Amino acid sequence: MRVNTIMIPYGQLACIHVTDTVESAIKIINEHGLLSLPVVDDQEFVGVLSKQFLFESYFEEGCSKQEFLEKKVREFMKSKIETIPSDLRIEEAAVMFITSKVRFIPITDEHNQLVGIVTQQAVFKQYQKMFGHKHNSMVIYSYDSRGALARVCETIAKAGGDIRNMLVMQTDVMHLVEIFLRVDAEDFDKVVKALEKQKFDVRDIRPAPQP
C-alpha cells in the first residue's frame, strides 16, 4: 500500500505561508491543535515550522514580544526536511518515523509542489487495521524452508479459512520465522486444528470477539 492512500491531501491541509508573520503562524497552529505545520511558497514546499522552536527562539532573540510576533516565518522554519513521493510504500514511511522525531512527512511531486502529508497517526491506524483485535488471528512458528508458507495457506484454505492479512518476520533463532495471520472463517477452531494436524506450531490464538 502507498502513502497516497492514507495521506492528508493539500486541499485539506492547514499550511503556513513563508510570508506569514510569527503571530499569524502561531494562530494557525493553535487553531488546529498541532505542534508543527508545513510551510509553503504558493504550493511549493519550503519547510516546517515548529511551535516549540518558535518559543525557544523567542527567549534567544532578546527582542520584545511584539517585535518577535511581527517577524516572518521564513526566519524560523526548518528548510532541510526530507520529503517523499506519493507512491512510497507505507512501511518505508513507518521506518522514517521510527528513525526520526518528525510528526509528519511532507509528500511532494517532481516539481516540489506539496501534495499532502502523512502522519504518524495515519500509519499507526493502518497497522492497527492489519493487526486489528476484532478478527480471528494466530501466530505460527515455522522453519524458513521452501514451500512452508504455501503449506500454511493451503491448509487454511482447505479448512474453510480465508487469509485477510499475513506478516512474516524473521526471529533470528534456528532459522525460524514468525507468521502472523488474520483469518476469516465460519469455524476458526477447525482452521486451527487443521494447522496443528499438519504439525504447525500455532500460538497466540485469538478468536474474534462475539457480537
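A: We begin with a definition: a residue is buried when its relative accessible area is under 20%, and exposed when that area is over 50%. The model before us is predicted. In strand 7 (residues 137-143), five of the seven residues are buried, and the strand is mostly covered.

Q: Which strands pair with strand 7, and in which sense?

A: As a general idea, side chains in a regular strand alternate between the two faces of the sheet. Here, strand 7 pairs with strand 9 (residues 176-184) in the antiparallel sense over seven bridges, and Val 139 has Phe 180 as its bridge partner. Strand 10 (residues 201-206) also pairs with strand 7 in the antiparallel sense, over four bridges; there, Ser 137 is partnered by Arg 206.

Q: Which residues of helix 4 are buried?

A: In an α-helix with 3.6 residues a turn, residues three or four places apart point the same way. In helix 4 (residues 90-99), the buried residues are Ile 90, Ala 93, Ala 94, Met 96 and Phe 97. They lie on the same side of helix 4 because they cover an arc of only 160 degrees around its axis. The face turned away from that side carries the exposed residues Ile 98 and Thr 99.

Q: What separates Glu 154 and Lys 158 along helix 6?

A: Side chains of opposite charge can pair when their charged atoms come close. Glu 154 and Lys 158 meet in a salt bridge, at 3.1 Å from N to O. They are four residues apart in helix 6 (residues 148-158), so about one helical turn separates them. Glu 154 is partly exposed at 42% relative accessibility, whereas Lys 158 is exposed at 66%.

Methods. Residues numbered from 1 in each chain as written. Predicted model: local features only at pLDDT ≥ 70, side-chain atom pairs only at ≥ 80, totals over all residues. Heavy atoms only, no water. Buried < 20%, exposed > 50% of the residue type's maximum accessible area, 1.4 Å probe, protein only. Helix = DSSP H or I, 4+ residues; strand = E, 2+ residues; numbered from the N terminus. Pairing = 2+ DSSP bridges. Arc of directions from axis to C-beta. Salt bridge = Lys/Arg side-chain N within 4 Å of Asp/Glu carboxyl O.
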